[in-house]
Amino acid sequence: GVFLFFFLILLHRHLLRPLQVIDRALSTLSVDLPPPAFESSGMSEIQAVEEAIGELHASLLENETARGSLELLANQDGLTGLYNRRHFMDLAEAEVQRAKRYLRPVVVGMADLDFFKKLNDTYGHAAGDAVLRALAGLMRESFRQSDLVCRYGGEEFAFVFPESSLAEAHVLAERFRRRCASFEILLPDGREVAVTTSIGLADVG
């Protein structure tokens with residue numbers, strides 16, 4: 001009886017309790033949580049399972065990072081880093097539907113870079129790319145975090161201004177237009193250019 005008692009204590013300490021800890025670790029394993037920590041075990045089989053769980057957590061983190069990178073590539077314009085047209089249209093449609101459902105204001109807009117073909121013909125396509133990247137950065141600085149901005153195609157950009165009246169959106173767009181007109185953009189060959197944009201807005205709320 002004494003032998004059986006001590007045997008059950010050892011069995012619980014070295015096998016059952018570690019297995020319970022492993023079971024809890026597996027049930028809560030997540031990339032949002034740190035890797036599970038285990039007490040050192042005297043059984044090599046338990047240690048092997050614990051190490052495998054640590055490797056599984058690392059693999060989950062790698063997969064999540066890769067998934068995030070792929071999602072970013074799928075949703076962003078490669079040149080400017082803004083939303084691409086496909087992803088923007090999905091977000092814009094959802095925002096317009098939300099505004100209509102809750103009777104909230106929303107404004108959409110389009111911007112076109114003036115004389116972009118002439119700029120490309122004069123300075124080259126590398127200069128055109130530099131201008132588009134610079135304007136994308138200026139848009140991120142000029143508009144609010146809640147505003148949706150995308151490169152719609154070529155030198156065209158599209159916007160959605162949630163929770164904004166036409167007058168409020170006009171203030172934002174005009175601020176960007178003025179900053180753009182006074183913004184000196186450094187080209188790859190060291191020259192500087194200033195460009196202007198034409199912007200149209202529509203209230204769809």
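Guide: Helix α6 (residues 166–181) has 16 residues, and its first and last C-alpha atoms lie 22 Å apart, close to the 22 Å expected at 1.5 Å a residue. Helices here are DSSP runs of H or I with at least four residues, strands are runs of E with at least two, and both are numbered from the N terminus. The expected span is 1.5 Å times one less than the number of residues. The model is a predicted one, in which local features need pLDDT of at least 70 and side-chain atom pairs count only at pLDDT 80 or more, while totals for chains, interfaces and linings use all residues. Residues are numbered from 1 along each chain as its sequence is written, and side-chain values use heavy atoms, without hydrogens or water.

Ala169, Leu172, Ala173, Phe176 and Cys180 are the buried residues of α6. They lie on the same side of α6 because they cover an arc of only 90° around the axis. The arc is taken from the directions that lead from the helix axis to the C-beta atoms. Buried means under 20% relative accessible area, exposed over 50%, and partly exposed in between, with a 1.4 Å probe and protein chains only. An α-helix has 3.6 residues a turn, so residues three or four places apart point the same way. On the face of α6 turned away from the buried side, Ala167 and Val171 are exposed.

Cys180 counts as buried because its relative accessibility is 1%. Cys150, at 0%, is likewise buried. The structure holds 0 disulfides, a disulfide being a pair of cysteine sulfur atoms within 2.5 Å.

Buried in α3 are His87, Phe88, Ala92, Glu95, Val96 and Ala99. These residues cover an arc of only 160° around the axis, which puts them on the same side of α3. Glu93 and Arg101 are exposed on the other side of α3. Just after α3, Leu103 has a positive phi of about 55°.
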